[in-house]
Amino acid sequence: MIEMALVVGLLAITLRTASPLLLASLGETIAERGGILNLGIEGAMLIGAFSGFLGAYFTGSLVVGFITAIIGGILTVLLFGILVIKVNLDQVVSGLAINLLATGLSLYFFRIAFSQGNFPYLGQLIDPMPIPGLSGIPIIGDILFNQTIFVYIGLLSVPLIYWILFKTSFGLRLRSIGEDPFVASYLGINVERTRFISLIVEGIFVGMAGGLLTISMFNTFDTRIVAARGFVAVSIVILGRWNPWGALTGSLLFGFTQALSLWIGTFLVGPAAPSISQLLSLLPYVVTLLALVVGGRKVRGPASLGSPFAKE
Amino acid sequence: MQLKISKSTYRSILKSLISVALALVVTSVLFILTGANPVLAYYYMFVGAFGNFSLTVETLVRMTPILLVSLGLAVSFKCKVWNIGAEGQLYMGAMVGTIAAVSLGNTPVTLLISIALCILAGMAWAGIPALMKTHLGINEVITTFLMNYVAIYFVQWLIAFPFRSPDTLFPESAQLPAAAILPIMVPSTRLHLGVLIAIFLAIPLVYLLMMRSTFGYKLKAVGENPEAARYGGINIKRTMLMALVISGALAGLAGFFEVSGIQFRMRGSLSPGYGYTGIVVALLGQSNPIGVAISSIFIAAIYNGAFEVSRVLNQPQGIVDFIQGVLIIFVLSSESIMRFLEKKGVIKL
């Protein structure tokens, strides 16, 4: 029975560690379906984490932190949108620019808000919310229904986004832009507006993904807090073939690797234990790279992904 | 023809200057918002970077890793291969160079072998994502960035366990043997041989490679029009692979020079993000070796000047990253800004 409890614990942690990846990759799936490759997602998550932390810290309310994280995410992705949609700049380089800008902004304003040597942290975190009735179910209840709001939002968004992308006229318009914006525009679809809507939705998800790091996971802020989760999410979108269900599968896989490396670390004993458990921190990145080698070769995404669209 | 070239060069320079000016203006707003006088801030920044001889030397020392990394990235960016993994390539180069130097001890060839191996390590670390791009079609931006994390965590593990120095409290490697340390060129400064190698060897070599060789021509062709390049018989995959590997070589060298010229031990805090700064510098210099060299001095001056600004005006160090972030946005937009100014008749060429 003890083994069972451990496995349940491992799977519950998997969902928690997968949640930022799931939210971010769902957001990125929407943007990429419209032909926008947003590599600034790493920076948008960082701003989400930072604005969420500031909101929660200065008001003492996690709800405010949740909202400011989303606002931070939306504003960062919108800035990216202006660069690539309005000014028509290269999407890849603009993404890198957003990442550098986000690091600079958060580092600077963190030190403005909190003086050197001051390590602020939140007194409380967004804790798991057991769902009455369901959380009592053995095993499944502990894994699925005793989680944070971010896990619930992520899981419920998978079918919702699938429905929006593949069953609504907005989804059809967005996907046709992603395949060929020129034809879509010729058919009377407002390419700019549709893409901006998709980016706002991405901003909401990415803002939440970043915010949960500070207000639900770590309770403090550091400019290295995102730790490539944005880029892992972009990899998950590729591996998940630009499909929300694929994003869910990929996120769970990476969440599991991360949970596993933490989990193994707790069992190690002996003189080599600290060494091995530190080395395990590499695992999620190595697994992502290997997964790209195995499952990311020559996959075809939306045809116009990453290419500029300018009406001349 | 001669006139036309100088005109486009003039236009490129103007574009970079406009980007710098706009970035400094935006940063001024930040200074004002936080209660500092921007004119004074830039004055202290200049003083902190070039105020006297030893400060100027320190700026050159700071410039060296930035210059080496960004020269390499200029090669890569020229053919539109976006290597954002220079940080990891730098760490791997530094680590392998350190291991080689410490294992060899004091021999006449220690320094040369360590330098050769740090270059090879940087090349290998860049070679993996390069092959993933050319043979599997996987976006190099994602892979090079992820490999930064693998490299840095791996190096941190190496210096915390297998290669930890027995005589120090913190996780760091053993001290390099005397034979692996780059000689100081100006007494009582930190101006090591690596600074001179970067300025007098790396700049001319990269200039010749990019501007005077067939490879440089291929880089440009692949970057500007891959279809035409393919039609013209250029092996695109090979060119991209070479470009990424060359940028890795220079990043690896930058890393080991930091160990053998400045730190003398491998540490987890070796680079404050030179790999990312190199991206800004390569873009600001528009992938031109001379432009990159000038941009490196400029960014190094901001790095060192910011210490003075934070000391005197109590401004956070984050200003360095902030300026770089704003700068890169304006560098990207500079072509559009330029066209706008030309259309309005503000600039006539």
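1. In chain B, residues 24 or more positions apart account for 76% of the contacts with a separation of 6 or more, where two residues are in contact if their C-beta atoms, placed from the backbone, lie within 7 Å. For chain A, among contacts between residues at least 6 apart in sequence, 76% join residues at least 24 apart. This is a predicted model, in which local features need pLDDT of at least 70 and side-chain atom pairs count only at pLDDT 80 or more, while totals for chains, interfaces and linings use all residues. Residues are numbered from 1 along each chain as its sequence is written, and chains are lettered from A and ligands numbered from 1 in the order in which they are written.

2. Chain B contains 13 helices and 0 strands, helices (H or I, at least four residues) and strands (E, at least two) being DSSP runs numbered from the N terminus. Its radius of gyration is 21 Å, close to the 20 Å that the globule rule gives for 349 residues, so chain B is as compact as a globular protein of that length; the radius is taken over C-alpha atoms, and the rule is 2.2 Å times the number of residues to the power 0.38. The C-alpha trace of chain B spans about 65 × 55 × 35 Å along its principal axes. Of its 349 residues, 54% count as buried, a term that requires 20 or more other C-beta atoms within 10 Å of the residue's own, whereas 12 or fewer make a residue exposed and anything in between makes it partly exposed, with C-beta atoms placed from the backbone.

3. Chain A has 13 helices and 2 strands. Along the principal axes, the C-alpha trace of chain A spans about 65 × 45 × 40 Å, and 49% of its 312 residues count as buried.

4. Where the two chains meet, 35 residues of chain B are in contact with 37 residues of chain A. On the side of chain B that touches chain A, the elements giving two or more residues are α5 (110-136), α6 (140-160), α11 (274-284) and α13 (319-343). That side of chain B has 26 nonpolar, 8 polar and 1 charged residues, where Ala, Val, Leu, Ile, Met, Phe, Trp, Tyr, Cys and Pro count as nonpolar, Asp, Glu, Lys and Arg as charged, and the others, Gly among them, as polar.

5. Within chain B, helix α3 (residues 53-78) and helix α12 (residues 289-313) pack at an angle of about 140 degrees with their axes 8 Å apart; axes are lines fitted to C-alpha atoms, for helices over the stretch in contact, and angles run from 0 to 180 degrees between N-to-C directions. The two helices α3(B) and α12(B) are therefore oblique to each other, given that angles under 35 degrees count as roughly parallel, over 145 as roughly antiparallel, 65 to 115 as roughly perpendicular and the rest as oblique. Residues of this contact include Arg62(B) and Ile66(B) of α3(B), together with Val292(B) and Tyr303(B) of α12(B). By class, the residues of the contact of α3(B) with α12(B) divide into 13 nonpolar, 4 polar and 2 charged.

6. In chain A, helix α11 (residues 244-267) and helix α13 (residues 283-295) pack at an angle of about 150 degrees, with their axes 9 Å apart, and are therefore roughly antiparallel to each other. Phe254(A), Thr257(A), Gln258(A) and Ser261(A) in α11(A) meet Leu283(A), Pro284(A), Val287(A) and Thr288(A) in α13(A). This contact of α11(A) with α13(A) has 4 nonpolar, 4 polar and no charged residues.

7. Helix α10 of chain A deserves a separate look. Of the 11 residues of α10(A), 11 are buried, so the helix is largely enclosed by the rest of the structure. One of them is Val232(A), which counts as buried with 29 C-beta neighbours inside 10 Å. Leaving aside neighbours within four places in sequence, Val232(A) is in contact with Leu21(A), Phe254(A) and Thr288(A).

8. Most residues other than glycine have a negative phi, and most peptide bonds are trans. Trp242(A), although not a glycine, has a positive phi of about 60 degrees; Trp242(A) sits in the loop between α10 and α11 of chain A and is buried, with 21 other C-beta atoms within 10 Å. In chain B, Phe264(B) has a positive phi near 65 degrees, lies in the loop between α10 (236-263) and α11, and counts as buried with 21 C-beta neighbours inside 10 Å.
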